[in-house]
Structure formats: structure tokens, C-alpha cells
Amino acid sequence: MIRFFCFLCASAPLPLCVKARNGAIAFGLFLSLLSSVAHSAAPKWNILFCFADDWGRYASCYAAIDGKPSLNDCLKTPNVDRLAREGVLFRNAFVNAPSCTPCRSSLLSGRYFFNCGRGAILNGAVWDSAIPSFPLLLKDAGYHIGKSYKVWSPGTPADAPFGEQQFAYEKAGRLPQNFSEEAAKLVEGGATVEQAKQKILEQVRANFDDFLKDRKPDQPWHYWFGTTTTHRVWIKGSGKKLWGIEPDSLAGKMPKFLPDVPEVRQDVADYLGECQAVDAELGVLLKRLEETGELDRTLIIASGDHGMPGVPAGKCNLYDHGVRVTLAARVPGGKGGRVIDDLVRLPDLAPTFMEIGGVTPPTGLYGKSLLPLLQSDKSGQLDPERNWVITGRERHVARAREDNLPYPMRGLRTPDFLYIRNFASDRWPMGSPAAAAEKSLPPTEAMENNTYVAYADMDASPTKAWLIEHRDDPEMKWHCDFAFAKRPGEELYDLKKDPDQTHNIAADSAYAKQKQELSAQLMKRLTDAGDPRVTGDGKTFDRPPFTDAGDDPQIKKAKKNKAK
């Protein structure tokens with residue numbers, strides 16, 4: 001006769017043939033009790049998440065910890081700085097994929113991007129409703145949830161992991177999505193710069209107010225503010241005109257891979273202006289929390305989905321400039337002024353928010369809750385196991401390469417090294433040259449505004465146009481090759497000697513041991529995680545539906561014209 005003990009009271013063994021049902025009930029009650037205890041221990045804070053498109057690691061609070069002159073010396077972000085001053089600033093925060101949709105798939109689920117089905121790509125992305133997402137889990141746990149602007153897109157259905165548009169609060173307007181463009185229109189219509197700013201920011205306030213009005217008394221809430229103003233395009237000269245950022249103040253502070261020339265400095269200054277616009281929008285939300293008495297019971301986190309767009313090493317690249325982002329948090333009851341050195345990942349936020357809301361995270365996540373770090377009173381390296389992150393990408397723009405193929409990459413970042421595996425080094429990393437291979441180039445304006453003219457995985461921009469136009473300049477050959485040329489199968493960078501990650505030492509015999517160890521670590525972690533790129537035949541992402549045209553507007557237009 002089989003016997004077992006009651007887990008609740010360690011009573012004497014019971015005959016299974018007689019008491020199995022009672023034992024099963026007792027075990028179920030035990031699990032329910034554990035869940036109830038975990039649920040009651042959850043902080044149940046309100047959660048304000050400011051998540052900006054294409055916002056890399058740019059905030060003035062980073063200037064003090066960068067250790068050298070940098071672009072962070074050239075902008076002012078008082079509201080992000082406030083989060084850091086009254087809370088915690090993460091020195092090393094990384095996205096899982098430097099492309100909008102796959103990054104957000106990973107963030108919302110806590111999974112690796114490559115474990116998110118068709119959410120692993122940009123054009124043609126489709127959300128799998130079987131994948132749990134933290135906003136909907138919070139809703140099921142009793143939270144009032146709402147969002148303004150972008151959560152998950154491009155993809156079908158748009159913002160699916162947030163319930164699509166049923167929780168949208170945008171009736172007051174969408175001007176904050178494109179700050180410099182909308183401000184320019186208002187100024188042309190007779191408004192002063194300050195009046196234009198306030199009109200845009202008033203919409204931030206009104207949408208947030210509408211959200212707060214809809215919650216029940218004492219109901220915890222989660223609000224996602226998803227501005228896209230840091231996504232191109234923006235108005236030339238707006239960094240100086242709207243925010244007082246002098247392009248020449250960037251001289252000597254540009255990373256090595258950005259040409260330190262007037263045209264590029266102005267382009268980057270305009271981007272930094274949009275970063276200040278994000279900060280101004282965050283400031284409106286902070287002020288409303290103070291006015292409503294909600295500030296000290298709200299976890300406030302600000303971050304972005306990847307690095308700077310339209311420049312070398314940024315968006316769509318696994319260098320730090322593409323995958324390292326701002327992450328600052330103000331924690332209810334937390335100690336302020338802390339700087340955490342742990343290597344953290346944005347997918348860590350999903351289990352963090354779940355734990356705060358009393359939700360048990362699903363198993364098998366890449367993300368690991370940051371709550372112990374947020375509630376600590378210490379700085380520095382807090383968790384010795386947080387000493388690595390994995391990054392990667394597959395397809396960004398569908399038509400960037402022949403047959404809509406991706407550029408498959410995976411990276412392992414540690415405190416000392418960055419190791420990158422390029423699985424298809426015969427392909428162009430930023431897309432095929434297209435018009436850039438022609439003797440006669442398209443007009444500058446076309447290259448500044450049409451991403452598909454050349455190297456379609458790099459957003460159109462003045463910087464991109466300038467590089468292409470200087471392709472034959474011997475002094476700029478290195479910059480052009482670094483931005484656009486094909487890459488070897490392996491890359492390795494010594495971060496202490498080469499913080500900008502421009503000198504590939506993968507072929508250097510002095511680093512053979514480190515390269516072998518990092519390669520083995522990367523492949524084991526990917527294999528253990530079931531990455532389709534390294535399991536099976538490794539070609540899953542090279543076949544339909546991942547190579548379908550999807551929602552790429554240029555492919556749809558070409559097919560339509562061909563059918564005529």
C-alpha cells in the first residue's frame with residue numbers, strides 16, 4: 001500500500017487507496033496558500049513606465065559616471081536625473097534586440113526575442129496570443145491598465161500584448177509623438193517656441209488625466225507612456241532651436257565611429273533634442289503624480305527600446321551604441337542616489353512588474369526580477385550572477401536583402417568583452433547597397449528621408465546620406481566600411497581598451513582563449529534556450545513565414561505596380 005505525508009501538518013501516513021482525494025485537496029490548498037502568501041506580500045505599487053522609441057543611453061545623469069567626455073555632457077534631462085537622484089540609475093542596461101518589435105516582444109513577455117515566434121522580426125511580425133504578457137497579467141491581477149501611443153509595433157495586431165487599443169488613452173491628441181515636427185508647425189502658425197512646447201505637453205497631461213479618472217478607488221494601476229519622438233524623422237536644426245543644444249558643443253565628444261563633422265554633429269544634436277523632449281514629457285507625468293498625491297506609491301521607470309537610429313553602430317547593431325539604453329527608476333520608499341553596475345536586461349522588467357503586482361511569472365523566462373535590486377540600499381555590483389547579457393537580431397526591414405532574408409547575429413556581453421557571432425557573414429549587415437552601389441547617387445534629400453534608397457536596415461538620416469556621399473573619400477573610408485561593409489563571422493572587443501568597440505580582435509591570437517570561452521558560453525546559452533538559429537537546421541528564420549513580405553510598404557507597392 002502506497003503512503004504519503006500531509007504537506008500541511010506532517011501528519012501520520014495515510015493509506016493512498018482510502019485518502020488520495022483528501023491528500024490531493026490538501027496539496028491543492030497548500031499551493032493555494034503559497035500563492036496567497038506571495039500575492040499578499042507583493043508591493044502592489046502603481047507602475048508608470050515611460051518607454052521611448054529609439055532612445056539609447058542618453059541622459060545628463062550619465063555624464064557624471066561615463067568617466068570621459070561624451071554626448072551625455074551635451075544635453076539636459078532634469079526629470080530623468082530626478083529619477084536617478086531620488087532612486088536608482090542602472091549603468092549597464094541592455095535590450096535583447098536592437099529593433100523595435102523584437103525588443104518589445106522580449107520586454108513584454110520576459111522571453112528571449114527568438115522565443116517569441118513571429119514577434120522575433122519587425123516587418124511581418126505577428127503576436128502569438130498564447131504568450132503571456134505582463135500588462136494583461138497585471139490586469140487579470142486587478143490592475144487598471146492604460147497606455148498612450150506605442151507599445152508593440154510594427155506588427156499584427158498593433159499593441160496586441162497590451163490588449164490592442166481597448167486600453168488606449170489618446171483622445172487628447174498625439175502631438176507628443178513627433179515633438180520637433182509638431183512644434184515647427186505650431187511656430188510657423190505664429191506660436192512662440194515656448195507656447196508650442198506647452199501645447200504639446202498639455203496633451204501628455206490630458207491623456208494621463210483621462211487614464212487616472214477611469215480607475216476605481218484605491219485600485220493599483222499601470223500606465224505605459226510610449227512616445228516615439230526619438231524615432232526619425234525630426235526637423236533639422238530643432239536641437240538648437242527648441243532645446244538650445246549647440247551642434248559644435250558635441251565636438252570632441254563623439255564616439256569614434258561617428259564622423260566629427262558639422263553635418264553629423266547637427267544630426268546628433270537634433271536627436272539629443274528629441275531625448276530632451278522625452279524628458280519634458282516625463283516631467284509632465286511626474287508633476288501630475290505629485291499633484292494627485294500618487295508619487296510616493298508609484299514605481300516610475302524610464303527607458304528606451306534600443307540605440308540611436310540612422311547612424312553607424314546604433315539601431316540594428318549589437319555594439320553598445322545599439323543595445324545599451326537608459327534605465328532609471330524611482331522606487332517607493334527606496335534609497336536615492338544609487339548607481340547599480342549589474343548587467344541587466346530589459347526583459348527583466350516583465351517578471352519585475354509581475355512580482356510587484358502579485359503575479360507568479362511563467363517559467364523559462366530570460367528575464368529575472370529586478371525587485372531585489374530596486375529595494376536594496378546599496379550601489380555597485382549587487383548580484384554576482386548578473387555579469388552577462390545576450391543580444392541578437394534577425395530580420396528588421398523585409399526588403400533590405402534579396403529574398404527578404406535577415407541578418408542573423410547573436411552577442412554575448414560581459415563586463416570585459418563583447419563577442420558577436422554573425423551567422424551569415426556573406427550578407428550585408430545594414431542591407432544591400434542598392435543605390436549606393438551606383439556611380440551616380442540619388443539626391444541628398446532622398447537619402448536623408450527614404451530608408452529604402454540604400455542599406456535599408458539603417459534608417460534614413462543626414463548622417464547616413466553624408467557617409468554615402470563620402471564613400472570615395474580616403475579619409476572617410478574607415479567610417480563608411482564600419483557602417484556598411486560586410487563583417488567577419490566573429491567579432492571580439494576588449495571593452496577596457498576599446499570602449500567604442502571599433503577594433504575587432506577576433507583574429508588576434510593573444511585573445512584566442514577568451515574568444516573560445518565566450519563562443520562556447522554563447523552557444524550553450526542559446527542552445528539551452530532553444531534558439532531556432534542554433535537548433536534544428538538553424539534555418540527557421542530564413543524561411544517563410546519569417547521571410548514573407550509582411551507589412552513592408554515598399555514590397556507591397558512593388559507588387560502592386562508589377563500587377564498593373
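This is a predicted model: local features need pLDDT of at least 70, side-chain atom pairs count only at pLDDT 80 or more; totals for chains, interfaces and linings use all residues.
Local features are taken at pLDDT of at least 70 and side-chain atom pairs at pLDDT 80 or more, while totals for chains, interfaces and linings use all residues. Numbering starts from 1 along each chain as its sequence is written, and side-chain values use heavy atoms, with hydrogens and water left out.

Helix α11 (residues 349-356) is largely enclosed by the rest of the structure, because seven of its eight residues are buried (under 20% relative accessible area, 1.4 Å probe, protein chains only). Helices here are DSSP runs of H or I with at least four residues, strands are runs of E with at least two, and both are numbered from the N terminus. The buried set consists of Leu349, Ala350, Pro351, Thr352, Phe353, Met354 and Ile356. Their cover includes the strands β3 (46-52), β7 (298-304) and β10 (338-345), together with the helices α4 (100-109), α5 (134-140) and α12 (371-375). Just after α11, Gly358 adopts a positive phi of about 80 degrees.

Helices α9 (residues 262-291) and α14 (residues 462-469) pack with their axes 9 Å apart, at an angle of about 160 degrees (axes are lines fitted to C-alpha atoms over the stretch in contact, and angles run from 0 to 180 degrees between N-to-C directions). The pair is therefore roughly antiparallel (over 145 degrees). Glu263, Val264 and Asp267 of α9 meet Pro462, Thr463 and Trp466 of α14 in this contact (heavy atoms within 4.5 Å).

Ser519 belongs to helix α16 (residues 512-528). This serine counts as buried because its relative accessibility is 12%. Leaving aside residues up to four places away in sequence, Ser519 touches Tyr419, Arg421 and Glu490.

Key. Buried means under 20% relative accessible area, exposed over 50%, partly exposed in between (1.4 Å probe, protein chains only). Angles under 35 degrees count as roughly parallel, over 145 as roughly antiparallel, 65 to 115 as roughly perpendicular and the rest as oblique.
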